[in-house]
Amino acid sequence: VKVPFLELADATAELRAPLEAAFARVLAGGTFLFGPEREALEREFAAYCGVRHCVGLASGFDALALGLRALGVGPGDEVIVPSHTCVATWLAASEVGADVVAVEPDPETWNIDPGRVEAAVGPRTRALVAVHLYGQCAEMDALGELARRHGLALLEDAAQAAGARWNGRRAGALGDAAAFSFFPTKNLGALADAGALLSDDADLAARVRRLGHYGAGSKNDHVEKGRNSRLGELQAAFLRAKLPHLDAWNERRRALAQIYLERLAGRDDLVLPRVAPGGEPVWHLFAVRVPRRDALRERLAARGIGTAVHYPVPPHRSGAYAPERTRLGALPLAEALAETLLSLPLHPHLHEREVHAVCDALLEELDA
Ligand SMILES: Cc1ncc(COP(=O)(O)O)c(C=O)c1O
């Protein structure tokens with residue numbers, strides 16, 4: 001059995017008719033930006049997450065960067081970010097001119113360790129970005145309490161966590177604001193780049209909308225230096241076709257993740273992800289820690305099993321942050337995760353027998 005890591009064509013094949021209907025509707029309407037589809041998606045996605053306001057934007061990165069700006073973060077400020085995350089989290093803080101301060105992960109959940117945040121707070125700290133990595137919410141109770149106590153803005157990077165819950169509440173409803181990515185591979189993915197910023201704060205949402213529209217308060221009155229970040233009508237219409245399926249898809253991801261968790265349990269040479277109490281992950285990715293990861297990956301590939309690595313280079317080791325490496329300090333946990341994590345195939349259109357085939361191959365290779 002060959003199991004590719006991900007085939008996006010499967011997800012679009014299931015929804016071919018509604019996606020084509022969405023395309024036809026936008027084509028017939030003749031409005032491609034600033035139209036009814038984006039407005040409706042904003043309402044529907046806000047309601048889904050249990051948040052008052054949603055602003056459709058061009059990408060998840062824009063949602064993070066404009067969100068940080070609207071939260072008052074700028075040059076001279078520090079933003080606390082996880083050391084183990086997609087580099088986009090860091091780049092968004094850098095984009096607004098802030099300095100990133102990296103905090104190491106919990107060694108078992110791989111999300112930012114709340115116990116290590118306190119020591120990273122200083123006089124210039126303005127915000128904390130809580131990334132819900134691989135679809136599992138960060139420990140938002142502890143992080144919310146820290147943010148309140150230190151007067152920090154709390155921004156969720158929920159790019160990988162559409163539909164996840166923390167103590168019953170959805171990702172997106174757990175901080176001062178939340179950034180979502182609708183990158184095509186995400187649990188809720190468009191057919192091109194797209195993103196959104198969610199918040200219960202009407203002023204914050206309005207500011208993000210303005211910043212993404214050249215800073216225009218009203219027509220041609222540019223009250224601040226904004227830029228262009230638009231969620232187009234086509235992508236909004238596609239996302240509306242997919243949103244009603246998100247819960248079922250996430251359920252399916254959970255059922256498949258359960259197979260991995262059961263079949264791969266109890267080994268000394270393989271570390272499974274731990275779900276924090278209160279968390280209800282949506283398994284955007286299913287990653288495990290393995291020894292000699294790259295060689296194992298090649299052997300699995302030779303057997304037709306596709307895997308991926310999220311992420312082989314920790315942000316502080318990337319060229320972009322080379323000039324800041326001394327200031328960022330040693331981040332051994334992020335480096336260990338970058339060396340050992342392996343993402344196994346997991347998506348809603350995967351068959352149980354394919355998950356078993358991945359487990360068979362992986363266990364055989366580990367025992368070889
Ligand atoms: C954790 C995380 N943050 C931010 C982003 C950025 O989102 P986008 O690619 O839509 O800009 C991504 C995905 O790419 C991500 O996985």
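Visitor: Why is R292 called exposed?
Guide: R292 has 69% relative accessibility. Exposed means over 50% relative accessible area, buried means under 20%, and partly exposed is in between (1.4 Å probe, protein chains only). At 69%, R292 therefore counts as exposed. Please keep in mind that this is a predicted model, where local features need pLDDT of at least 70 and side-chain atom pairs count only at pLDDT 80 or more, while totals for chains, interfaces and linings use all residues. Residues are numbered from 1 along each chain as its sequence is written, and side-chain values use heavy atoms, leaving out hydrogens and water.

Visitor: What makes the phi of R292 worth a mention?
Guide: Phi of R292 is near 45 degrees, a positive value in a residue other than glycine. Most residues other than glycine have a negative phi. R292 is found in the loop between strand 13 and helix 10; helices (H or I, at least four residues) and strands (E, at least two) are DSSP runs, numbered from the N terminus.

Visitor: And W283: is it buried or exposed?
Guide: W283 counts as buried because its relative accessibility is 9%. Its phi is also near 45 degrees, again positive in a residue other than glycine. W283 sits in the loop between strand 12 (279–280) and strand 13.

Visitor: Which kind of peptide bond joins H310 and Y311?
Guide: That bond is cis, with omega at about 15 degrees. Most peptide bonds are trans. Y311 lies in the loop between helix 10 and helix 11 (325–328).

Visitor: How do you know that D77 has no salt bridge?
Guide: A salt bridge is a side-chain nitrogen of Lys or Arg within 4 Å of a carboxyl oxygen of Asp or Glu. The nearest side chain of opposite charge to D77, R126, is 4.2 Å away, and D77, though buried, has no salt bridge. For charge, Lys and Arg count as positive and Asp and Glu as negative; His and the chain ends are not counted.

Visitor: Which backbone nitrogen lies 2.8 Å from a polar atom of the side chain of D77?
Guide: The backbone nitrogen of G74 does. D77 itself lies in the loop between helix 4 (60–70) and strand 2 (78–82). Leaving aside residues up to four places away in sequence, D77 touches G72, A98, D99, R124 and R126, where contact means heavy atoms within 4.5 Å.

Visitor: What covers the buried residues of helix 12?
Guide: The cover includes strand 13 (286–289), helix 10 (293–302) and strand 14 (341–344). In helix 12 (residues 332–340), the buried residues are L333, A334, L337, A338 and T340.

Key:
A polar contact is a pair of N or O atoms within 3.5 Å; within protein, one must be able to donate a hydrogen and the other to accept it, and residues adjacent in sequence count only if both atoms are side-chain atoms.
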